Structures are given as structure tokens and as C-alpha cells.
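Have the sequence and the model side by side while reading. The text below goes through the chain one place at a time.

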Amino acid sequence: MRPINNLIRTALEWMQDIGLVIIAIASIFAIGTEVLSMISLQKVALADLLLMFIYLEVLAMVSMYLQSGKMPIRIPLYIAIVALARYLILDMKSMDAWQLVGVSASAFLLAVTVLVIRYGHLKFPYESDSKDKHSEL
């Protein structure tokens, strides 16, 4: 039964890596598309920069996972905060007051969550990070 488990684990790791490479390629393509759009319009808006920042954060997240085998939870939270900021910038004029408060409160809650997670990592550090991603299995 053990060889079957190893085979399944290896297949899942390959699928995961292939999925991450697809995400990285799609992010690079999206960055290129956004740059070409800015060049053709000869205009750079804050929303464009925030969108490119989101793409770069996705690339950083993929890179960190491929390097360490661990998915850092703070990176998706940062991406969500930037996405909410971008949403506020783009749609602020069409939002009513309660929607504005709701989106702002969501961004604030995510920021507090990042602080709590960071505090937890400092106060209660993980065991040695020198292990590879499957040494415990």
C-alpha cells in the first residue's frame, strides 16, 4: 500500500506544480497585456498599477510556494487588501455610503488579520523551517 501512496503523492505534486506554472504564465501574460494597454493608451492610472501589483504578488506567491513548499497565508491577504483598494478606487463614485463602509471595513479587517497572524508568528514561531516540504510524511 505504501508504494501506491507514494505514487499518488508524486502525481498530486506534479499536478500542483503544473497548476502553479500555469498560474505563473497567466500572470506574466496578464502583466504583458496590461503594459501593452498602458502603452497604447499612453496613460498610466493608479488602478493599472494596483492591478499589476496584484499580478506581481501572485507571482511572488507562486515563487515562494515552489521554493519552500509552503503557502504563506499573508500573501493572499495582501492580494485581497490591494484588490479591495482597487475596487474602491474604481467604483467609489457608484457606491452608496454603506457599500463604501463595508468594503473599507473588509480591508481593515484583513489588515488586522495580517497583524494578528504576524504577531502569532513572532510570539509562537514554527519549528525548524530547514525541513523540506515532505520530510514529515
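In this predicted model, the largest pocket has 16 lining residues, and those nearest its centre are K70, P72, R74, H121 and Y126. Helices α2, α3 (74–91) and α4 (97–123) each give two or more residues to that lining. The volume of this largest pocket is about 430 Å³.

D48 is buried but forms no salt bridge. A salt bridge here requires a side-chain nitrogen of Lys or Arg within 4 Å of a carboxyl oxygen of Asp or Glu. For D48, the nearest side chain of opposite charge belongs to R86, at 5.3 Å. Once neighbours within four places in sequence are set aside, the contacts of D48 are E34, M38 and K43.

Helix α2 also holds E57.

Next comes the loop between α1 (2–41) and α2, where Q42 is found. The phi angle of Q42 is near 55 degrees, which is a positive value in a residue other than glycine. Is Q42 buried or exposed? Its relative accessibility is 74%, so Q42 counts as exposed.

P76 sits in helix α3. Its relative accessible area is 30%, so P76 is partly exposed. Between P76 and Y65 there are 11 residues of separation in sequence and 12 Å in space, taken from C-alpha to C-alpha.

The last topic is a record. An unreviewed UniProt entry lists residues 20–39, 45–66, 73–90 and 96–117 under "transmembrane region". What does the model show over two of these ranges? Residues 20–39 are 100% helix and 0% strand, with the end C-alpha atoms 29 Å apart. Residues 45–66 are 95% helix and 0% strand, and here the end C-alpha atoms are 32 Å apart.

Note on methods. Residues are numbered from 1 along each chain as its sequence is written. This is a predicted model: local features need pLDDT of at least 70, side-chain atom pairs count only at pLDDT 80 or more; totals for chains, interfaces and linings use all residues. Side-chain values use heavy atoms; hydrogens and water are left out. Buried means under 20% relative accessible area, exposed over 50%, partly exposed in between (1.4 Å probe, protein chains only). Lys and Arg count as positive and Asp and Glu as negative; His and the chain ends are not counted. Contact means heavy atoms within 4.5 Å. UniProt positions are given in the numbering used here, feature names are shortened, and annotations may be inferred rather than shown by experiment. Helices (H or I, at least four residues) and strands (E, at least two) are DSSP runs, numbered from the N terminus. On a 1 Å grid over the protein atoms alone, a cavity is a set of points where a 1.4 Å probe fits but cannot get out, and a pocket is an open set with protein on both sides within 12 Å along at least five of seven lines; lining residues have an atom within 4 Å of a point. Grid points are joined across faces, edges and corners, and a volume is the space filled by probe spheres set on the points.
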